[in-house]
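Student: I would like to go through this protein with you, piece by piece. Can we look at the model together?

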Amino acid sequence: MQPYPGAVDPRRTDQSGSPLGYTAAVELSSDRLVNSKKKPRPQNQNRGGRFRIGGKKEEAERQRKLDLIRTPVLSCYRIAVISLKGGVGKTTTTTALGSTLATERQDKVIAIDANPDAGTLGRRVRRETGATIRDLVTAIPYLHSYMDIRRFTSQAASGLEILANDVDPAISTTFNDDDYRRVIDVLGKQYPIILTDSGTGLLYSAMRGVLDLADQLIIISTPSVDGASSASTTLDWLAAHGYSELVQRSITVISGVRETGKMIKVEDIVAHFETRCRGVVTVPFDEHLSAGAELDLGLMRPKTREAYFNLSAMVAEDFARAQREQGLWTADGNPPPQLAPPMPGQGGVPGAPQPPGAPHPGAVPPQPGAAPQQPAGPPPQYGAPQQPGPGHPQPGGGWPQQ
């Protein structure tokens with residue numbers, strides 16, 4: 001039985017009547033814990049906010065990477081950030097990479113929290129809504145445009161949008177494989193790039209959808225023995241369960257590398273993953289990132305921001321392959337068309353200019369004579385900002401080992 005509009009799911013409240021997670025959200029907020037006196041690092045104005053200026057060769061190389069990052073994406077490119085070990089910088093990497101892509105591309109980029117254990121992605125931006133991914137799943141029949149989806153997201157200053165998860169683990173575990181695939185299907189019609197911040201396990205239900213739909217996999221490690229071992233074990237598990245191709249084109253991020261650290265041979269960790277992945281990026285330790293609060297690119301150290309810029313370029317190197325496999329690029333290496341070709345079965349010449357009034361690339365045209373399908377009854381009500389909306393759990397199946 002579904003609760004009536006405005007009702008509070010009893011699982012979301014404790015015995016005192018307060019919503020679960022309310023105390024942590026209020027008493028442990030960024031406004032209260034983070035020293036706000038720190039000012040953004042000065043950026044060079046002549047480069048439109050770029051992080052630093054080098055010589056001519058460095059500038060040419062940076063421009064090459066920027067051109068890669070700005071490669072047109074004519075469908076939807078999905079990036080999954082995973083790790084077997086918690087606390088290694090997975091959510092930080094998701095937010096920083098997404099923010100860099102959104103800033104440099106000036107395009108719609110969204111990051112979603114698929115962590116079944118009350119993920120923290122929603123704490124990396126200033127929340128504009130209390131709606132969560134669970135609420136979006138419930139409202140999918142009512143979502144017909146970008147603005148319909150935008151009511152469920154919070155946007156950072158970089159332009160990155162965040163689709164948060166529930167703060168209550170008892171509710172968030174109901175987000176299963178089928179839910180994830182439905183969310184990606186809806187978001188993929190509006191966002192060229194989707195990042196998924198996954199959980200720390202590999203056997204929970206939604207993880208199968210995360211891996212099956214991913215175009216790019218990013219494995220997170222730390223400069224430590226257990227961190228590197230866990231990341232390597234993750235690759236072993238994926239290769240043994242049918243994801244060898246995804247592993248070969250994956251990227252490993254070694255997060256939080258201290259320049260003064262001498263205990264661990266980071267170069268050996270890098271060398272190990274270079275033999276297993278198509279690329280490795282080391283991200284220096286950054287005090288701003290370690291705070292775990294709202295992420296601001298302007299507060300990062302220049303070397304840290306440059307590392308995420310390089311990571312973005314490395315990710316973008318795979319855009320062409322993914323689109324070529326979908327028939328959106330020509331195989332002769334020519335520049336991509338500026339407009340997406342028609343979907344299969346819709347006729348037309350791939351890559352040909354669209355006439356005025358043609359539907360936006362990637363949009364699904366309505367069937368002739370068919371009226372939009374509207375579900376019966378009023379649309380669901382969503383919670384006020386900072387207040388989680390009523391839950392609508394569905395039974396989720398586990399992911400048995402193969």
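Student: How many disulfides does a search of the whole structure find?
Tutor: A disulfide is a pair of cysteine sulfur atoms within 2.5 Å. The search covers the whole structure, and the number of disulfides it finds is 0.

Tutor: A word on the source. This is a predicted model, where local features need pLDDT of at least 70, side-chain atom pairs count only at pLDDT 80 or more, and totals for chains, interfaces and linings use all residues. Residues are numbered from 1 along each chain as its sequence is written, and side-chain values use heavy atoms, with hydrogens and water left out.

Student: Is cysteine 76 buried or exposed?
Tutor: Buried means under 20% relative accessible area, exposed over 50%, and partly exposed in between (1.4 Å probe, protein chains only). Cysteine 76 has 8% relative accessibility, so it counts as buried.

Student: Which kind of pair do the rings of tyrosine 77 and phenylalanine 319 form?
Tutor: Rings of Phe, Tyr and Trp (its six-membered ring) pair if their centres lie within 6.5 Å; planes under 30 degrees apart count as stacked, over 60 as edge-to-face and the rest as tilted. By this rule there are 2 aromatic pairs. In this one the centres are 4.8 Å apart and the planes stand at 70 degrees, so the pair of tyrosine 77 and phenylalanine 319 is edge-to-face.

Student: How many residues apart are tyrosine 77 and phenylalanine 319?
Tutor: Helices (H or I, at least four residues) and strands (E, at least two) are DSSP runs, numbered from the N terminus. Tyrosine 77 is in strand 1 (residues 77–82) and phenylalanine 319 is in helix 15 (residues 319–325). The pair links distant parts of the chain, and the separation in residues is 242.

Student: Which strands stand at the edges of the sheet?
Tutor: Two strands pair if DSSP finds at least two bridges between them. The open sheet has 8 strands in the order 3-4-2-5-1-6-7-8, with mixed pairing. Each edge strand has a single partner, so one side of it is left without a neighbour in the sheet; the edges are strand 3 (154–155) and strand 8 (279–284).

Student: In which sense do strand 1 and strand 6 pair?
Tutor: Strands of a sheet pair through backbone hydrogen bonds, either parallel or antiparallel. In strand 6, glutamine 216 is the bridge partner of isoleucine 79. Strand 1 and strand 6 (residues 216–221) pair over 4 bridges, and the sense is parallel.
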